[in-house]
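Please look over the sequence and the model before reading on.

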Amino acid sequence: MQMITGDQIATIVFVIETIVFISIMIGWIYGSKRMDYDTHHRMIYPAVLIHLITVSAWMIPRAMQLAEEGLFADPIANWYQIVHDVVGFVAIGLGVVLAVTFLVKSGMPLNILQKAKPLMWLTLALWLVSFILGIIAYLARF
Ligand code: HEM
């Protein structure tokens, strides 16, 4: 039986992450912008969950492998990967905190929503930065 290669996994992860990012954009454009919070939640919660799986199962082990192989020996050449990892951790951290907060405090209390909104923008911006750098990291494989 033929083994699946790292490049093939990277391609699958790249496609999944693209779908995840599109889902987040749909959640924003068709959900929160139109005050259709059901659509927003239906898009965001699975996206955060699937993203957590790809990062834990693929990206973190791969980041450890790259670190062993000398990622930090030439930080200037590998800047996009290092920035991707750091920004990515912050984006996920914020995404999980937001998702858990609204799962625990159901009914979207207005005071929490007001405090959370700037954090949602920050999460989206950092997510976009990490996604773009992830695309660069993916292209750099080939
Ligand atoms: C919002 C957060 C993140 C997004 C949107 C994201 C997105 C992506 C995408 C699209 C890829 C390209 C597919 C691939 O090459 O496998 C990728 C690769 C990668 N990501 Fe992330 N990622 C995020 C967070 C993280 C975190 C927290 C880490 C952990 C250190 C990480 C480490 C990596 C590594 C090591 C690769 C593979 C690079 C390679 O093998 O060439 N990412 N990421």
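In which sense, left-handed or right-handed, does α1 pass α2? The crossing of α1 with α2 is left-handed, a term used if the near helix is turned anticlockwise from the far one by less than a right angle, with right-handed used if clockwise. Here helices (H or I, at least four residues) and strands (E, at least two) are DSSP runs, numbered from the N terminus.

The contact is made by residues of α1 including Ile-9, Val-13, Ile-16 and Tyr-30, and by residues of α2 including Tyr-37, Met-43, Ile-44 and Trp-58, where two residues are in contact if their C-beta atoms, placed from the backbone, lie within 7 Å. The residues of this contact of α1 with α2 divide into 13 nonpolar, seven polar and one charged; Ala, Val, Leu, Ile, Met, Phe, Trp, Tyr, Cys and Pro count as nonpolar, Asp, Glu, Lys and Arg as charged, and the others, Gly among them, as polar.

## Basis of the model

This is a predicted model, in which local features need pLDDT of at least 70 and side-chain atom pairs count only at pLDDT 80 or more, while totals for chains, interfaces and linings use all residues. Residues are numbered from 1 along each chain as its sequence is written.

## The chain as a whole

The chain has four helices and zero strands, and its C-alpha trace spans about 50 × 35 × 25 Å along its principal axes. Of its 142 residues, 20% count as buried, that is, with 20 or more other C-beta atoms within 10 Å of their own, C-beta atoms being placed from the backbone.

The residues of the contact of α2 with α3 divide into 10 nonpolar, three polar and one charged.

## Around the ligand

Of the 24 residues around the ligand, Met-59, Ala-63, Asp-85, Gly-88 and Gly-134 come nearest, a residue being near a molecule if its C-beta atom, placed from the backbone, lies within 6 Å of it. Each of α1 (6-31), α2, α3 and α4 (110-140) supplies at least two residues of this shell, and the largest share, seven residues, comes from α4. The residues of the shell divide into 16 nonpolar, four polar and four charged.

Terms used:
Buried ≥ 20, exposed ≤ 12 C-beta atoms within 10 Å, placed from the backbone.
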